[in-house]
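This briefing walks through one protein model, topic by topic, for a reader who has the sequence and the structure at hand. Please keep both in view while reading the points below.

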Amino acid sequence: YIYEGQRWAEAALQNRKGVDSSVVARLLSAAGMFSMLMTDHTKAVVYFEQCLEHCAHSDEAQVLGMVHNNLGNTYSDTGKRDLASPHYYRALEHARQYQQKDVIARVLSNLGGVATEAHRFEEGLRYYQESVEIRREIQDMRGVAFIEMCLGVSEQGRKRYPEALEHYKKALSEYHSLGDIYNTCLCINYVIHLFAETRQAEIAIMLQSALKVLLKQHQVKLPLAIGTTLDAELAPCFQSLTPKQYEQLSMEGSGWTLEQTVEHIYTTALTDTP
């Protein structure tokens, strides 16, 4: 419930006078996170920087790990990965100082993402493995699902498509059972990339149509850096079908519920790989 969370956070910040300093720090951090998830990255950076400044003048340092981590995520989401990594390293330093295992696990997985995007797959796997061990220790099942999704991205980058699909299915199963609509949609998006890359035109187009409806229905916005290449990847799929076939597939997919969309992914196998 990202939009509702943002409304409450901003309403609280309008009434911060006399409020405990640690609460204000966490509110600024939360408002930045909600803005980031709504892809309002400019506003997110403003809130995060306000939080850093607030902490510098109030000795409220325990939120710094999460704030630097989310600043890294904000820059990563907008393709500014050169600005993201320094914040991840600062986040890791603060999180370890305060023994915040949940934050450490998040940062490690994000560093794994940086390595994977740079095609340093083995390095990325080491970060993911360290992260998932912590997440299992603290029983963070949403975090475990996130690592499964990251492993799917890693395997897809190595063109190990069946392995990638299995990781995505595991992530989807956990996210769906948790009722986590945002990450369910995010994982569906990755699966569409996979089917587009493997030239499975029909399922890719139906899933894309389903996802467009679901994003609007649930007021979810995916990070800009994730969806920008999808149309180019789907172009060969479009070319393999007649306009009438494309229209029929799009119409069918647009009628799927979230449950039906996930079920189609569960029951679809890779028929061929390039």
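This is a predicted model: local features need pLDDT of at least 70, side-chain atom pairs count only at pLDDT 80 or more; totals for chains, interfaces and linings use all residues.

Ile-265 counts as buried, because its relative accessibility is 0%.

- Ile-265 has its place in helix 15, which covers residues 258–266.
- When neighbours within four places in sequence are left aside, the residues in contact with Ile-265 are Lys-169, Leu-172, Ile-188, Val-191 and Leu-207.
- Between Ile-265 and Asn-69 there are 31 Å in space, taken from C-alpha to C-alpha, and the two are 196 residues apart in sequence.

**The nonpolar cores and Tyr-168**

- The largest nonpolar core has 78 residues, and those that touch the most other members are Met-149, Tyr-168, Ile-188, Val-191 and Leu-207.
- Helix 10 supplies the largest share of this core, namely 11 residues.
- Apart from this core lies another one, made of 6 residues, including Val-132, Val-144, Ile-147 and Cys-150.
- Tyr-168 counts as buried, since its relative accessibility is 0%.
- Beyond its neighbours within four places in sequence, Tyr-168 is in contact with Met-149, Gly-152, Val-153, Gln-156, Cys-187, Tyr-190, Val-191 and Leu-194.

**The aromatic pair**

- A pair of aromatic rings is described by how far apart the centres are and by the angle between the planes.
- How many aromatic pairs does the count come to? The count comes to 1 aromatic pair.
- The rings belong to Tyr-168 and Tyr-190, and because their centres are 6.1 Å apart and their planes stand at 5°, the pair is stacked.
- This pair links distant parts of the chain, with Tyr-168 in helix 9 (residues 161–178) and Tyr-190 in helix 10 (residues 181–197), 22 residues apart.

**Helix 3**

- Helix 3 runs over residues 41–58, and at 1.5 Å a residue its 18 residues should span 26 Å, which agrees with the 25 Å between its end C-alpha atoms.
- The buried residues of helix 3 are His-41, Ala-44, Val-45, Tyr-47, Phe-48, Cys-51, Cys-55 and Ser-58.
- After helix 3 comes Asp-59, which has a positive phi, near 60°.

- A disulfide is a covalent bond that joins the sulfur atoms of two cysteines.
- How many disulfides does a search of the whole structure find? The search finds 0 disulfides.
- Cys-51 counts as buried, because its relative accessibility is 0%.
- For Cys-185 the closest cysteine sulfur is in Cys-187, and the 10 Å between the two sulfurs is too far for a bond.
- Cys-185 is also buried, as its relative accessible area is 0%.

**Loop residues with positive phi**

- Gln-139 is not a glycine, although its phi is positive, at about 60°, and this residue lies in the loop between helix 7 (121–137) and helix 8 (141–157).
- Gln-139 counts as exposed, because its relative accessibility is 68%.
- Arg-199 is not a glycine either, and its phi is positive, at about 65°; its place is in the loop between helix 10 and helix 11 (201–217).

**Salt bridges**

- Side chains of opposite charge can pair when their charged atoms come close, and a search of the whole structure finds 12 salt bridges.
- Glu-122 forms a salt bridge with Arg-158, in which the closest N and O atoms are 3.2 Å apart.
- This pair links distant parts of the chain, since Glu-122 is in helix 7 and Arg-158 is in the loop between helix 8 and helix 9, 36 residues apart.
- Glu-122 is partly exposed, with a relative accessible area of 47%, and Arg-158 is partly exposed as well, with 32%.
- Arg-142 forms a salt bridge with Asp-180, and here the closest N and O atoms are 2.7 Å apart.
- Because Arg-142 lies in helix 8 and Asp-180 in the loop between helix 9 and helix 10, the pair ties together parts that are 38 residues apart in sequence.
- Arg-142 counts as partly exposed at 39% relative accessibility, whereas Asp-180 counts as buried at 9%.
- Glu-155 forms a salt bridge with Arg-158, the closest N and O atoms being 4.0 Å apart, and Glu-155 is buried, with a relative accessible area of 10%.
- Through shared partners, salt bridges join Glu-122, Glu-155, Arg-158 and Arg-160 into one network.

Note on methods:
Residues are numbered from 1 along each chain as its sequence is written. Side-chain values use heavy atoms; hydrogens and water are left out. Helices (H or I, at least four residues) and strands (E, at least two) are DSSP runs, numbered from the N terminus. The expected span of a helix is 1.5 Å times one less than its number of residues. Buried means under 20% relative accessible area, exposed over 50%, partly exposed in between (1.4 Å probe, protein chains only). A disulfide is a pair of cysteine sulfur atoms within 2.5 Å. Rings of Phe, Tyr and Trp (its six-membered ring) pair if their centres lie within 6.5 Å; planes under 30 degrees apart count as stacked, over 60 as edge-to-face and the rest as tilted. A nonpolar core is a set of buried Ala, Val, Leu, Ile, Met, Phe, Trp, Tyr and Cys residues joined through side-chain atoms within 4.5 Å. Contact means heavy atoms within 4.5 Å. A salt bridge is a side-chain nitrogen of Lys or Arg within 4 Å of a carboxyl oxygen of Asp or Glu.
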